[in-house]
Amino acid sequence: MSSPVETTAQNLAADVRSGARSARAVLEEHLVVIESREDEVHAFNLVLADEARASADAVDARVANGEDPGPLAGVPVALKDNLCTRGVPTTCSSRILEGWRPPYDATVVERLVAAGAVVVGKTNLDEFAMGSSTENSAFGATHNPLDLTKVPGGSSGGSAAAVAAGFAPLALGSDTGGSIRQPAALCGVVGVKPTYGAVSRYGLVAFASSLDQIGPFSRTVADSALVLEVIGGHDRRDSTSIHEPAPDLRSVLDRGVEGLRIGIIEELSGDGLEGIAGDVRARLHEAAAALEAAGATVATTSVPSTVYGLSAYYVVAPAEASSNLARYDGVRFGLRVDAPTSGDMHAATRTAGFGDEVKRRIMLGTYALSAGYYDAYYGKSQKVRTLLADDFARAYEEFDLLLSPTAPTTAFPIGEKTADPMTMYLNDVCTIPSNLAGHPSMSVPFGVGDDGMPIGVQVLAPATGEPTMFRAAAVLEASAPPGHPAVGGSVTGPTGGATA
């Protein structure tokens, strides 16, 4: 019997639907893995073992009655803890939401459950999704399961770690500036940020509403394609939802890249950007060579305004965050610290409830939106965002897809960058442009670095270009160098033993 780590979600679902395996047995195998390593990895804020058993039993009952539970029948799924789950604590890894249990499910949760998936738990994250290492959680840091001394990336580090450790074949995260793709790269799994509006944000606790998107983590490109088919499509409860059905992605995975034009973004390739490690640049160019060998035309191209992406993002995102987080006032839900006056109560509640990074971004955003500074900062950043979209549009006139590193380096040691916020922010320099433009992009594992830790290559596409993006991702997956944890290899952990 294959171990939970080695079995794809598609194969598990097929076995459960056919009756070859029970959903309960599949779940119990994964719960054993969680029990064995969760204390050292800390991927979860909450493991829902009893609830998951009830869900798995319900799937098995449907199979026994001759029903089809759906394309994700019996597949364990981990949910980032900023996705609302009815009656289950949803914390955003923040003390300010202490005791809050949403009265409804996020749309993506509804769709996963309707497809037969079994929710196994809520995963740790940087508080309110603000961070690149999952060290900003009020409940402690998540560790990279491939080397426990290193970060898993962030903000969806718990979801990435859960998939990399074999706790679940699938997980959902949210991506505001790279929070799916960057941890996917650092943990050696596939991570996808869809087109803005392709997946409903209803039930996602907002960070920056014009940037946030929900997407999957998986160990294979095909599994991520399956999840997007399940969770994508129009939702009337999200006013930004695209009025189109979810695209058929799995059917295009074997089409290859023959005839596609693919551009390497000069400003993000390492040759035009400081801070990109040599091993990351090497894997990027090997990935480009693999696509060229498969029949694509590959050349370097320029998207000039990507160099301003980081600066624009750290005005736009905190500005939206300062507005979205104003609702945490100690009155309507979550933490309340009593004080003599309502003003004192608000201040005391927010002081006690928010961590340092969240406070930092609230202050930055409030300043950027304040009278006398709005045009100088927020307005100017929105103009840069328009320039960026225009530059991407010109690039996509010449190329079908674009290519870049996902993260500047492999996973770094826990604690190494916490004292310097700017150094931490630079981890998202390659991923932020897609969020500002609203375009899809994904990280595909492609070999390891000099330290034996995973490296991800980022494939970027124009809006609604997911089918073409997944074609290239499938080719990269098939041609990835050997020894990668996601395809059966192992890397050396801090004690010298194989950890994956």
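I started with S137 and N124: their side chains are joined by a polar contact of 2.7 Å. (Polar contact: a pair of N or O atoms within 3.5 Å; within protein, one must be able to donate a hydrogen and the other to accept it, and residues adjacent in sequence count only if both atoms are side-chain atoms.) I'm working on a predicted model, where local features need pLDDT of at least 70, side-chain atom pairs count only at pLDDT 80 or more, and totals for chains, interfaces and linings use all residues. Residues are numbered from 1 along each chain as its sequence is written, and side-chain values use heavy atoms, with hydrogens and water left out.

I also found S93 joined to S137, side chain to side chain, by a polar contact of 3.4 Å.

Where does S137 sit? I placed it in the loop between β3 (118-123) and α5 (157-164). (Helices are DSSP runs of H or I, at least four residues, and strands are runs of E, at least two, numbered from the N terminus.)

Is S137 buried or exposed? I noted it as buried, because its relative accessibility is 10%. (Buried is under 20% relative accessible area, exposed over 50%, partly exposed in between, with a 1.4 Å probe and protein chains only.)

I then listed what S137 is in contact with, leaving aside neighbours within four places in sequence: S93, N124, L125, D126 and E127. (Contact: heavy atoms within 4.5 Å.)

Last, I zoomed out. I got 15 helices and 11 strands for the protein. Buried residues make up 60% of its 500 residues. The C-alpha atoms fill a box of roughly 65 × 50 × 50 Å along the principal axes.
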